[in-house]
Amino acid sequence: MTIIQIKKIEDCFDGSMIYEIIFNSPVTRPLLDYFAGLGALQYYNFTRPFYKITVLGKYELQGILNESQLKIILARDNPLQFLEEFKIKFKNWQ
Amino acid sequence: MIYLNNAATSWPKPEEVLVQVNRHICDLPVTPYRSALHNSGLPDDVRKQTADFFHVHSADSVIFVPSATFALNAVLYGLLNAGDHIITTALEHNSLLRPLKTLEREKNIILDIAPCSSTGFVHPGDIQKLVKNSTRLIAASHASNVTGRVQEIQAFARIAHNSGAYFLCDASQSAGSIFIDMQNDGMDILVFAGHKNLFGLQGIGVYCLSENCRPRPFISGGTGIKSDLPEQPPERPIIYEAGTQNTAGIVSLQAGMEFLKRKGQNLLLSKNTLFKETAAKMKSIPGVTVYCEQDTGLHETVLSFNIEKLPCDQTGIMLERSFDIIVRSGLHCAPLIHKYLNAPRGTVRASFSVFNTESDAAALINAVQNITDSIK
């Protein structure tokens, strides 16, 4: 499983650092459990389950289980460093 | 997928809009005032229909532009001079606020902003308090694009006229949904977008001027007639229109108005009923804050809310990705109102069209209930 694209996205606030990360296959439960180990997981058990993982002071991951993309909301201090850190963590899972 | 983002752009469009626009695009192109092949009536027939629809004093005072934002810029830059005092409100969209803030810096206009209530109502008395001898313009939305609250625009107009100022009404959110009579409502300038409740395409906006309101032209260029003149011809409408028009957009606006004239009244009544019922149900869900008073005053069918403990953008993503309900979350390009709503990071906004059904509204309520249950 690899990251095939990282796209910067905007919200309503100046200075927000949000990216969409697109993988070549869906975020499955084992991967979500691995991500959950990086921080605190909130899991909403809807028909299409929503997850949010907060890695305090660094970033937040949001997405839908079994979809191939997630959103990463980076802390304003050193955001690109935290993005790189997430990429390394993801690589370590494989 | 359930679409509840009609305050941004209405969808779907009525069948006749699709048919008329498709026909227009497939036919030989007609460029207004520039075609020798045939006289399609574009855009002057639509100008007349628009004048009838909004009771504008003259069809020549209906100006077609690419958007309501363009219209507001055209009027503000054309009308205001250094030292002019302008009153606007905390409800406003950036389409009005940003040109005013730019003019404040560039041209030294003086800007005052009237506050609003926690549901987006601007008391006319708060406008009155700000009036000065130099007040040249009062500019206000007809309905908030965040809370839907309709304003007492006739009172705003009276205050403006009593102080020798113009009254500009931004009806982008209400045009096509709430009856507007430009002359009776006392508007000197009426601005609206075509792609919301009028069911036109994106890329068509309109401003209408009273007889006595004469802003300087904002743009100049080709008009197709009087091409021998070195500057923009002085008569309306072409003094304000230059360049090739968005004829497909104008046709879509025409078809949208015809649809509303034929079927609008009953559909709008049903839409309002659906909105009020949905707002009442939403208010009854514990942990949900609703930013409207659906039983007080006139309302556009915009339902802003937040779920306690959840950022609005997260609620928006959940609704869209987990429940297939498209809403909008955030500031809705109206940055000032949120302070008064006590929602500094914004709201979730579900906005209804005449094509939304009870089943759509029920799905929204069920989804919000489901989300609130899951965070207990």
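**View 1. Where the two domains of chain B meet.** In this predicted model, 30 residues of domain 1 of chain B are in contact (heavy atoms within 4.5 Å) with 30 residues of domain 2 of chain B. Domain 1 covers 2-8 + 264-374 and domain 2 covers 15-257, with bounds from an automatic or database domain assignment. Their C-alpha centres lie 27 Å apart. Putting the domains together buries about 2,300 Å², and carbon and sulfur atoms give 57% of that; buried area here is the accessible area (1.4 Å probe) that two parts lose on being put together, summed over both. On the domain 1 side, Glu300(B), Ile337(B) and Tyr340(B) lose the most area to domain 2, together 25% of what that side buries.

Housekeeping for every view: residues are numbered from 1 along each chain as its sequence is written, while chains are lettered from A and ligands numbered from 1 in the order in which they are written. Local features need pLDDT of at least 70, side-chain atom pairs count only at pLDDT 80 or more, totals for chains, interfaces and linings use all residues, and side-chain values use heavy atoms, with hydrogens and water left out.

**View 2. Helix 6 of chain B and its packing.** Helix 6 spans residues 153-162, and its buried residues (under 20% relative accessible area, 1.4 Å probe, protein chains only) include Ile153(B), Phe156(B) and Ile159(B). Helices (H or I, at least four residues) and strands (E, at least two) are DSSP runs, numbered from the N terminus. The buried residues pack against helix 5 (124-128), strand 5 (135-141) and strand 6 (166-170) of chain B. After the helix comes Gly164(B), with a positive phi near 75 degrees.

**View 3. Leu70(A) and its neighbours.** Leu70(A) sits in strand 6 (residues 69-74) of chain A and is buried, at 2% relative accessible area. Leaving out residues up to four places away in sequence, Leu70(A) touches several residues, among them Phe23(A), Phe35(A) and Tyr51(A).

Notes. Buried means under 20% relative accessible area, exposed over 50%, partly exposed in between (1.4 Å probe, protein chains only).
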